[in-house]
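Visitor: I have a model open on my screen and would like to learn how to read its side-chain contacts. Could you walk me through it?

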Amino acid sequence: MAQDFFDLLYNGYTGEYQLMSSLYRNGLDAVRPPADMGIDVISLNLKDQLENPDHAPETFFFQIKTAVTSIEKSDDHPGVLVTVTFKLKASEVDLLCADSSRALICYVYNQQSDALTNAYESPFICFWIDGARLAAIREAALFQRPGDSKLTLACQLRRPAHEGGHWYAVIVDERGQQVPEGYLGTVDSGSEITQASDGADHYSVRGYLDYARGKRGQAGRTPQAAPAAPKEPLEPEDAFRA
């Protein structure tokens with residue numbers, strides 16, 4: 001029991017500091033709140049504000065979950081390597097669902113150092129789910145197992161049919177069925193066919209930052225007045241020339 005506790009504790013630290021490293025790589029400062037309020041890491045744009053005093057503060061909030069598993073092929077589910085689960089408190093979900101400036105970051109580590117990747121210390125895959133998408137899938141995706149006080153989020157790691165493609169994640173329900181808005185796109189989503197419905201890159205911290213900043217820009221945009229209608233309708237030829 002004690003060993004399981006310490007394994008979970010250190011695995012959790014691994015994911016938190018992995019995210020903090022990625023935030024620093026993107027020019028942001030990262031802070032771990034001293035109190036457990038359901039948020040593991042907060043990012044701040046201190047460097048940007050110091051260099052540009054007229055720039056407004058920018059804050060994002062993250063909950064981090066980690067899973068350690070053996071990445072193996074599955075004969076029962078072609079294309080599915082493994083199903084991983086993450087445990088969340090209902091209060092954590094409530095906090096995350098409140099806004100797109102909050103995100104769940106999931107890290108999956110491969111415990112076999114010689115399987116598929118030799119980078120034992122690096123995540124096998126990571127992906128994020130922002131608050132808006134988590135709220136949209138909450139009823140369909142999150143489930144509670146008997147005797148468990150926490151909610152479970154299940155994700156399938158899949159391999160594309162073509163050789164050399166990157167693995168990607170799909171959110172599934174308790175029966176292993178993909179939920180609406182559960183497709184997060186692929187790592188190498190170079191076309192609209194393989195992208196997530198929001199068009200975002202769900203497999204990098206930079207992808208989340210770009211998406212969240214875009215959402216903030218849309219929210220802060222002043223609605224434009226509709227163009228005035230012409231006093232008289234245009235004839236077909238006039239409309240073509242216009």
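Visitor: Let's start with the cysteines. How many disulfides does the count come to?

Guide: Keep in mind that this is a predicted model. To call a disulfide, you look for two cysteine sulfur atoms within 2.5 Å. Here the count comes to zero disulfides.

Visitor: Take cysteine 126, then. Which cysteine sulfur is closest to the sulfur of cysteine 126?

Guide: That would be the sulfur of cysteine 106, at 9.3 Å, which is too far for a bond.

Visitor: On to the rings. What describes a pair of aromatic rings?

Guide: Two things: the distance of the centres and the angle of the planes. In this structure there are eight aromatic pairs. One of them joins phenylalanine 86 and phenylalanine 127, with 6.3 Å centre to centre and 80 degrees between the planes, so that pair is edge-to-face, since the angle is over 60 degrees.

Visitor: Where in the chain do phenylalanine 86 and phenylalanine 127 lie?

Guide: Phenylalanine 86 is in strand E4 (residues 80-88), while phenylalanine 127 is in strand E6 (residues 125-130). The pair therefore ties together parts that are 41 residues apart in sequence.

Visitor: How do phenylalanine 124 and tryptophan 167 score for accessibility?

Guide: Phenylalanine 124 is buried, with a relative accessible area of 14%, whereas tryptophan 167 counts as partly exposed at 23%.

Visitor: Which residues do ring pairs link into a cluster?

Guide: Look for Phe60, Phe62, Trp128, Tyr208 and Tyr211. While you're there, find phenylalanine 61: the charged end of arginine 102 sits over its ring, 5.8 Å from the centre.

Visitor: What about the strands? In which sense do E2 and E3 pair?

Guide: For strands, you check the direction and the bridges. Strand E2 (residues 41-44) and strand E3 (residues 59-69) pair in the antiparallel sense, over four bridges. To get your bearings, pick out serine 43, which stands opposite phenylalanine 60 in E3. E3 and E5, on the other hand, run parallel and are joined by nine bridges. Threonine 69 has asparagine 110 in E5 as its bridge partner.

Visitor: Which parts of the chain does the pair of glutamate 58 and arginine 213 link?

Guide: First the contact itself: glutamate 58 forms a salt bridge with arginine 213, with the closest N and O atoms 2.8 Å apart. Glutamate 58 is in the loop between H2 and E3, and arginine 213 is in helix H5 (residues 205-219), 155 residues apart. Glutamate 58 counts as buried at 15% relative accessibility, but arginine 213 is partly exposed at 32%.

Visitor: How far apart are the closest N and O atoms of aspartate 148 and lysine 87?

Guide: They are 2.6 Å apart, in a salt bridge. Aspartate 148 lies in the loop between helix H4 (131-141) and E7, and lysine 87 in strand E4, so the pair ties together parts 61 residues apart in sequence. Aspartate 148 counts as partly exposed at 21% relative accessibility, and lysine 87 counts as partly exposed at 29%.

Visitor: Which residues are linked in a network of salt bridges?

Guide: Arg133, Glu181 and Asp198.

Notes: Residues numbered from 1 in each chain as written. Predicted model: local features only at pLDDT ≥ 70, side-chain atom pairs only at ≥ 80, totals over all residues. Heavy atoms only, no water. Phe/Tyr/Trp six-rings, centres within 6.5 Å; stacked < 30°, edge-to-face > 60°. Helix = DSSP H or I, 4+ residues; strand = E, 2+ residues; numbered from the N terminus. Buried < 20%, exposed > 50% of the residue type's maximum accessible area, 1.4 Å probe, protein only. Lys NZ or Arg CZ within 6 Å of the ring centre and 35° of its normal. Pairing = 2+ DSSP bridges. Salt bridge = Lys/Arg side-chain N within 4 Å of Asp/Glu carboxyl O.
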